Amino acid sequence: MLFDQLTPLEETQFYKDVIRIGTERGIEAGHRKGLSEGLDQGWTESVLDLLTLKFPDAPQTMKKRIPKLSKTQKQQLFKLIVKSESLTEVRQWLNRDTN
């Protein structure tokens, strides 16, 4: 009998607050993930562009490995490509640091 008199959970302020907070947190987490993925994609494109500009004969097999690198590795590789005199240096770094 008493249960018939209770306000349905979905209609309580507590429930509404929990849903609002959960939604806000979900949106924030989505923004952070999107930003992180966007930055990672930016590093991938930057490294590939630089590699292609500096070493136009870089093989596709080498280029295909770059998206699989961590953001930190991409940053390191970018700096290495800027300093490198030959594609061999880049290949050696990839073979050493990604295996």
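Helices here are DSSP runs of H or I with at least four residues, and strands are runs of E with at least two.

**View 1. Overall fold of the predicted model.** The protein chain contains four helices and zero strands. Along the sequence the order of elements is α-α-α-α. The radius of gyration is 25 Å, well over the 13 Å given by the globule rule for 99 residues, so the protein chain is more spread out than a compact globule. Along the principal axes, its C-alpha atoms fill a box of roughly 80 × 25 × 20 Å.

**View 2. Surface and charge of the protein chain.** Of the 99 residues, 18% count as buried. There are 16 positive and 14 negative side chains, with the centres of the two sets 10 Å apart.

**View 3. The largest nonpolar core.** This core has 14 residues, and L51, L77, I81 and V90 have the most contacts inside it. Two or more residues come from each of α1 (13–54), α3 (71–83) and α4 (87–97). The element that gives the most is α4, with four residues. In soluble globular proteins, nonpolar side chains tend to be buried together.

**View 4. Surroundings of V90.** Leaving out residues up to four places away in sequence, V90 touches L51, F55, M62, L77, L80, I81 and S84. Of these neighbours, L51, L77 and I81 are listed with V90 among the core residues with the most contacts. In the protein chain, 63% of the contacts with a separation of 6 or more are between residues 24 or more positions apart.

Notes. Residues numbered from 1 in each chain as written. Predicted model: local features only at pLDDT ≥ 70, side-chain atom pairs only at ≥ 80, totals over all residues. Heavy atoms only, no water. Rg over C-alpha atoms; globule rule 2.2 N^0.38 Å. Buried < 20%, exposed > 50% of the residue type's maximum accessible area, 1.4 Å probe, protein only. Contact = heavy atoms within 4.5 Å. Areas by Shrake-Rupley, 256 points an atom, 1.4 Å probe, with all protein chains shown as cover. Lys, Arg positive; Asp, Glu negative; His and termini not counted. Charge placed at Lys NZ, Arg CZ, Asp CG, Glu CD. Core = buried A, V, L, I, M, F, W, Y, C linked by side-chain atoms within 4.5 Å.
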